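Please go through these notes with the model open beside you. They are in numbered points, and each point can be checked on its own.

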Amino acid sequence: MARASYRSSDIDLMARMMRAEAEGEGKQGMLYVGNVIVNRLVANCLDFKGLRTIPQVIYQVQGGNYSFEAVQKGNVFYQRARGIEKRLAKQNLDYWRDHPGKYALWYFNPYAPCPPTWYGQPFAGQFKNHCYYEPKPGTCDSVYRG
């Protein structure tokens, strides 16, 4: 059973985001970003209550800005998805999860060492330039299911 319900257009949109955010970190890095996207979709907690579709996750606005930098800046996000990114996105939607993105709801590139917390959320791990953060225990149990 898939981690979340989706349509083919969701795969394409998610693939574009994964490429735009983590192409320089290879397939593994794109998969971790995909983990965060799917985790936000299924979490229904904290900043991510009420998100029910991949487009709602990708285009979510918080604090007056899009949640994903690639949507704000445009860069690669507005290019077509390639086959490899589509396969990776489908893997994330269907089943793939791994540390440090396995339960993460946030990631960013600090251009420095990863801080121990990000807006009060604990550091889960790092892959190349991205630092991943999970919700504090007891604040978002749904992200740990499935």
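1. Begin at a turn. Strands β4 and β5 form a hairpin with two residues between them, and Tyr 119 in this turn has a positive phi of about 50°. Keep in mind that the model is a predicted one.

2. Tyr 119 lies in the loop between β4 and β5. Its phi, near 50°, is a positive value in a residue other than glycine. Most residues other than glycine have a negative phi. Is Tyr 119 buried or exposed? At 73% relative accessibility, Tyr 119 counts as exposed, because the cut-off for exposed is over 50%.

3. Across the pair, Thr 117 stands opposite Pro 122 in β5.

4. The next hairpin is that of β5 and β6. It has two residues between the strands, and Lys 128 takes a positive phi near 50° there. Lys 128 is found in the loop between β5 and β6, and it is not a glycine.

5. Strand β5 covers residues 121-127 and strand β6 covers residues 130-133; they pair in the antiparallel sense over four bridges. Two positions can be looked up in β6: Tyr 132 has Gly 125 opposite it, and Cys 131 has Gln 126 opposite it.

6. Now put the hairpins into the sheet. In which order do the four strands of the open sheet stand? The order is β3-β6-β5-β4, with antiparallel pairing. The edges are taken by β3 (106-108) and β4 (117-118); each has a single partner strand, so one side of each is left without a neighbour in the sheet. As background, strands of a sheet pair through backbone hydrogen bonds.

7. Trp 106 is in the edge strand β3. Its relative accessible area is 10%, so it counts as buried, the cut-off being under 20%. Leaving out residues up to four places away in sequence, Trp 106 touches several others, including Val 36, Arg 40, Leu 46 and Phe 48, as well as Trp 118, Cys 131 and Tyr 132. Asn 39 is 67 residues from Trp 106 in sequence, with 9.5 Å between their C-alpha atoms.

8. The bond from His 99 to Pro 100 is cis, with omega near 10°. Most peptide bonds are trans. Pro 100 lies in the loop between α5 (83-94) and β3.

9. For the chain as a whole, the secondary structure comes to five helices and six strands. From the N terminus on, the elements run α-α-α-β-β-α-α-β-β-β-β. The radius of gyration is 14 Å, close to the 15 Å that the globule rule gives for 146 residues, so the chain is as compact as a globular protein of that length. The C-alpha atoms fill a box of roughly 35 × 35 × 30 Å along the principal axes.

10. Buried residues make up 49% of the 146 residues. Among contacts between residues at least 6 apart in sequence, 65% join residues at least 24 apart. The accessible surface comes to about 7300 Å², and 50% of it belongs to carbon and sulfur atoms.

11. Last, the charges. The chain has 19 positive and 12 negative side chains. How far apart do the centres of the two sets lie? They lie 4 Å apart.

Conventions: Residues are numbered from 1 along each chain as its sequence is written. This is a predicted model: local features need pLDDT of at least 70, side-chain atom pairs count only at pLDDT 80 or more; totals for chains, interfaces and linings use all residues. Side-chain values use heavy atoms; hydrogens and water are left out. Two strands pair if DSSP finds at least two bridges between them. The radius of gyration is taken over C-alpha atoms; the globule rule is 2.2 Å times the number of residues to the power 0.38. Buried means under 20% relative accessible area, exposed over 50%, partly exposed in between (1.4 Å probe, protein chains only). Contact means heavy atoms within 4.5 Å. Accessible areas come from the Shrake-Rupley method with a 1.4 Å probe; for residues, only the protein chains shown count as cover. Lys and Arg count as positive and Asp and Glu as negative; His and the chain ends are not counted. The place of a charge is taken as NZ of Lys, CZ of Arg, CG of Asp or CD of Glu.
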